Amino acid sequence: MRPDLEIIQQWVQPGHHVLDLGCGDGTLLDFLQRERGASGFGLEINPAHITSCMSRGVAVIEQNLDTQGLGNFDDGSFDVVLMTQALQAVRRPDKVLDEMLRVGSEGIVTFPNFAHWRLRWGLTLNGRMPESDALPYKWYNTPNIRLCTFKDFEALCRQKGIRIKSRRVVDGQHQNSWLARLWPNLLGEIAIYRITRETE
Amino acid sequence: MPDSLPADSVGIVSPQTYHFDAPIDLACGQTLENYDLVVETYGTLNDNASNAVLICHALSGHHHAAGYHSTDDRKPGWWDSCIGPGKPIDTNRFFVVSLNNLGGCHGSTGPSSVNPRTGKPFGPEFPVITVSDWVKSQALLADRLGIECWAAVVGGSLGGMQALQWSLDYPDRLRHAVVIASTPRLTAQNIAFNEVARQAITSDQEFHDGRYYDFDTVPRRGLMLARMVGHITYLSDASMGEKFGRELRDQAYKFGYDAEFQVESYLRYQGERFSESFDANTYLLMTRSLDYFDPAYEFGGDLSRALAAATCEYLVLSFSTDWRFTPARSEELVNAMIGARRKVSYAEVDAPWGHDAFLIPTPRYTDIFNAYMDRVAREVGA
């Protein structure tokens, strides 16, 4: 199993009701349903991904976060709201975070770190917009329109009074190296955050 | 029919009539003492009867959903695009049941059938049948066929309402409900269109308060007008524009009121053909049944509460240019399902054909339908 999924599944309890924003082909929800006895929905806009979800038996709703939001979901109707590798692709990540923690008691967010040393290096040395395994697009066709660093994200959470319950930093292969733990904003490629508005 | 049967056709099929002797109590308070249902089936029921799929028809539909009745047929059944070997409702895997609903005019007991009490056609005495009544009669048919639980109940438009009603009335008797181009209730505009259609029929001099059979006539003009109005609501502005534009039958205006535009002659032709093959009282009944459908009504308008009883999984599909039952109506249904924590998948398919899109196999529609039904088949071991 992909190490990021391994980490995420540990944070989903059996029977949890889960909403997965930008659920892709449904791999994660399928896994959580089968292995953790979770229930829930995925939201997706890519037609091929929607079809894959249906094929897998993952409940998927065609819904665009940018234009439709999450207004059709009631407050606190999910135990966990997931968003893997999609925060950087929405128009207003700050509003999406608010909505995630309105409809769910806990959020799990993963995104690529724009301050990773290889990206910094690429920009410094080549003077070109950086590309990497996690960010394989050209500047003009990338769906990733809201890139940020771990520090940026954490500052936004502080500003919004969102509590970070845990953070795991992994490299491009989703390995959890000790170096990335030591200097996450420089050496971590992808972070997995567990966030909530609830107090301890 | 084409010169040879297409490989993905169910081939030559013949309907069967099932007679029911036990009286059926209807929502309106009346009872039908006995009745017939005309049924077609495609494919084979497996040993544990787990692979049965029920097809529910729409306003003007009937039991003949797929294949041909004879080699002389020009066209196959009304949903042949989706039912057959290798098609979304794959008859190599599923046992497909398609019936003409009660109140219909294609062989099942309806207003044009003979009332055993009087020896004359029921006419206006035939009770108004609701979606719930249909579902009840379909459940009795399932008993007769030895089907305890449907793998899926599938329908478009009014057929989708039946699929939804199944999940509420008999939650243990279906695994999946596929609700296509449908709505949890009609809007005022929908009811208004139905009322125009009914007025067209009942104001026809040949209607005779619904007893036209006794006068050996039919309210042909009224039925034609009803169909013309209905037909407009099944198409989109764009698809009508594409098909007819402002094209004239002849080169120039004639400064009269005959059918000069192609769209006029098309609508008249459709209306006339329909009026020759459909019963006016059945049309009144079907439109009224549409008007009354509102499963949330008993729950103070709260559709989520109505759905609390359901246990099946749902596929809901809408079409971008459908203005009869818009995507917003499907989303209303989906949101109620989400609220009730029912398992539902939803997609809005981009298609230019308006409400009729549910009958036309576009790539995305077919992909989704295939993927979903393939999974249903795997789930029931078909």
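Reader: Before we start, when do two strands pair here?
Author: They pair if DSSP finds at least two bridges between them. The model is predicted.

Reader: OK, chain A. What is the bridge partner of F78(A) in β5(A)?
Author: G104(A) is that partner. In total, 6 bridges join β4(A) to strand β5 (residues 104-112) of chain A, and the two run parallel.

Reader: How does the chain cross from β4(A) to β5(A)?
Author: The path goes through helix α5 (residues 93-103) of chain A, and this β-α-β crossover is right-handed.

Reader: And which residue of β4(A) is the bridge partner of V18(A)?
Author: V80(A). Strand β1 (residues 17-21) of chain A and β4(A) run parallel, joined by 3 bridges.

Reader: How many residues of β4(A) are buried?
Author: The strand, residues 78-84, has 6 of its 7 residues buried.

Reader: Now chain B. How many helices and strands?
Author: Chain B has 10 helices and 14 strands. Of its 382 residues, 51% are buried.

Reader: What is its radius of gyration?
Author: Chain B has 21 Å, which agrees with the value near 21 Å for a compact globule with 382 residues. The C-alpha trace of chain B spans about 65 × 50 × 50 Å along its principal axes.

Conventions. Residues are numbered from 1 along each chain as its sequence is written. Chains are lettered from A and ligands numbered from 1 in the order in which they are written. This is a predicted model: local features need pLDDT of at least 70, side-chain atom pairs count only at pLDDT 80 or more; totals for chains, interfaces and linings use all residues. Helices (H or I, at least four residues) and strands (E, at least two) are DSSP runs, numbered from the N terminus. The radius of gyration is taken over C-alpha atoms; the globule rule is 2.2 Å times the number of residues to the power 0.38. A residue is buried if 20 or more other C-beta atoms lie within 10 Å of its own, exposed if 12 or fewer, and partly exposed in between; C-beta atoms are placed from the backbone. A crossover is right-handed if, with the strands pointing away from the viewer, the path from the first strand over the helix to the second runs clockwise.
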